[in-house]
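Reader: Hi! Could you walk me through this one? I'd like to start with the overall picture and then get into details.

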Amino acid sequence: MHIELVIAKLVTVGLGLLITYQAYKGYRTYGSKPMRYVAIGFLFISVGSVIEGVLFDVVGLSIFLAGTIQTAIVAVGMLVILYSLYGRIPQRAKREESP
């Protein structure tokens, strides 16, 4: 196993988890449902960024199957983030226009 790759993967997961934490903190502070979905999406992406190596090296799956699972997990994370951007969000009451 290449130590440089392991370090790069750990940095990627660390950054993803930091983004996940900040988005979750935003959700808890402001009650913003889109931020909850951003947190969930980045959690999937963070796990997906390292799962291929784990499935291949530790579990013993083929590189094709491990890569397919990794891609599916990252895609789910991206779909969740996309939902946070375009999903149904309750509309605020319209302000009355001044005459």
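Author: Happy to. This is a predicted model. Among contacts in the chain between residues at least 6 apart in sequence, 56% join residues at least 24 apart.

Reader: Nice. What pattern does the chain follow along the sequence?

Author: The pattern reads α-α-α, with three helices and zero strands in the chain.

Reader: And how much of the chain is buried?

Author: Buried residues account for 22% of the 99 residues. As for the surface, the accessible area of the chain is about 7800 Å², and 68% of that belongs to carbon and sulfur atoms.

Reader: Let's take α1. What span should it have, and what does the model give?

Author: Its 28 residues should span 40 Å at 1.5 Å a residue, and the end C-alpha atoms are 40 Å apart, so the two agree.

Reader: Which residues of α1 are buried?

Author: V13, G16, T20, A23 and G26. The buried residues of α1 pack against α2.

Reader: What comes after α1?

Author: G31 follows α1, and its phi is positive, near 65°.

Reader: Switching to the surface: which residues make the nonpolar patch?

Author: I3, I7, V11 and L15 make it, and the patch covers about 390 Å². One of them, V11, lies in helix α1, residues 3-30.

Reader: Now α3. How far does it reach?

Author: Helix α3 covers residues 63-86, which is 24 residues, and reaches 34 Å from its first C-alpha to its last. That is close to the 34 Å expected at 1.5 Å a residue.

Reader: And what do the buried residues of α3 pack against?

Author: They pack against α2, residues 33-59. The buried residues in α3 are A66, G67, Q70, V74, G77, V80, I81 and S84.

Reader: That list has a serine in it. Why is S84 counted as buried?

Author: S84 has a relative accessible area of 7%, so it falls under the 20% cut-off for buried.

Reader: What does its side chain reach?

Author: The S84 side chain reaches the backbone oxygen of I81 at 2.5 Å. S84 has its place in helix α3, and I81 is among the buried residues of α3.

Reader: Great, thanks!

Terms used
Residues are numbered from 1 along each chain as its sequence is written. This is a predicted model: local features need pLDDT of at least 70, side-chain atom pairs count only at pLDDT 80 or more; totals for chains, interfaces and linings use all residues. Side-chain values use heavy atoms; hydrogens and water are left out. Patches are made of residues with over 30% relative accessible area and no salt bridge: like charges are joined within 9 Å, nonpolar side chains (Val, Leu, Ile, Met, Phe, Trp, Tyr) within 5 Å. Accessible areas come from the Shrake-Rupley method with a 1.4 Å probe; for residues, only the protein chains shown count as cover. A salt bridge is a side-chain nitrogen of Lys or Arg within 4 Å of a carboxyl oxygen of Asp or Glu. Helices (H or I, at least four residues) and strands (E, at least two) are DSSP runs, numbered from the N terminus. The expected span of a helix is 1.5 Å times one less than its number of residues. Buried means under 20% relative accessible area, exposed over 50%, partly exposed in between (1.4 Å probe, protein chains only). Contact means heavy atoms within 4.5 Å. A polar contact is a pair of N or O atoms within 3.5 Å; within protein, one must be able to donate a hydrogen and the other to accept it, and residues adjacent in sequence count only if both atoms are side-chain atoms.
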